[in-house]
Amino acid sequence: MIRMLRLGLMILICSTGIATAQNRIILQIEPHSQDPSQPLVIRMGQTVHFSAKAFEYTSTNLPPVEVAIQNIGWSVDPKYIGTITADGDFTAIPHPSSPGGIKSGNIVAEASVGSMRVSAMVPFVLDDNPIGPLDYTIS
C-alpha cells in the first residue's frame, strides 16, 4: 500500500513537471516586412528607426504578455551595408568597397530580459533609388 502511494506521488510530481512549460521570451522588431516570406525594402540613403518589444509566453492557452527590456544592442549584418545607432536608427549606405555589390542583410537586436538574453533579426534589401535632393538640368 505504501509502495503504491509512493508510486502515485512520483507520477503526480513528474506529470506536474511536464505540464509546467518553461516560459518563452520572444523579441519582436518593428518595422518588419508585412509578408514574413519577403525582406523589408529600404531605400538607399534612407534612415529607418527600429524598435523592439519583448513578449513572454507563459501558456499555450494565454496571449503573450509584454515584458520589460533591460538593455538592447543593435547591429547590422553585413556591417558594410549601412550603419545603426544604439537607438536603432539604421541608415542604408553601402560602403563603396562592399564585396560583389551586396545589397541585402539583416538588422539584429540582442536584448536582456530578466536573466535571459534574447535576439531577433529582420532581413532587408536595399532599393537602388536613392533618397535626397535630385539634380535637374533644364535646357
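What share of the 139 residues in the protein chain is buried?

Modeller: Two notes on reading come first. This is a predicted model, in which local features need pLDDT of at least 70 and side-chain atom pairs count only at pLDDT 80 or more, while totals for chains, interfaces and linings use all residues. Residues are numbered from 1 along each chain as its sequence is written, and side-chain values use heavy atoms, with hydrogens and water left out.

Now your number. Buried residues make up 25% of the 139 residues in the protein chain. Buried means under 20% relative accessible area, exposed means over 50%, and partly exposed lies in between (1.4 Å probe, protein chains only). The protein chain exposes about 9,900 Å², and carbon and sulfur atoms supply 59% of that area. Areas come from the Shrake-Rupley method with a 1.4 Å probe; for residues, only the protein chains shown count as cover.

The protein chain has 1 helix and 10 strands. Helices (H or I, at least four residues) and strands (E, at least two) are DSSP runs, numbered from the N terminus. Along the sequence, the pattern is α-β-β-β-β-β-β-β-β-β-β.

E6 and strand E9 (residues 104-113) run antiparallel, joined by 7 bridges. Two strands count as paired if DSSP finds at least two bridges between them. Ser75 faces Val108 in E9 across this pairing.

What about the core? The largest nonpolar core has 24 residues, and Ile42, Phe50, Phe90, Ile107 and Phe124 have the most contacts inside it. Such a core is a set of buried Ala, Val, Leu, Ile, Met, Phe, Trp, Tyr and Cys residues joined through side-chain atoms within 4.5 Å. E1, E2, E6, E9 and strand E10 (116-127) each supply at least two of its residues. E10 gives the most, with 5 residues. In soluble globular proteins, nonpolar side chains tend to be buried together.

Ile42 deserves a stop. Leaving aside residues up to four places away in sequence, Ile42 touches Val48, Phe50, Phe90, Ala92, Phe124, Val125, Leu126 and Asp127. Contact means heavy atoms within 4.5 Å. One of those partners, Phe90, is also the bridge partner of Ile84, in E8. E8 (residues 89-91) is joined to E7 by 2 antiparallel bridges.

Last, the lead-in to E2. Ser33 sits in the loop between E1 and E2. Ser33 is buried, at 16% relative accessible area. The Ser33 side chain reaches the backbone oxygen of Asp35 at 3.0 Å, and that of Gln38 at 3.0 Å. A polar contact is a pair of N or O atoms within 3.5 Å; within protein, one must be able to donate a hydrogen and the other to accept it, and residues adjacent in sequence count only if both atoms are side-chain atoms. Ser33 also touches Gln38, Pro39 and Leu40, not counting residues up to four places away in sequence.
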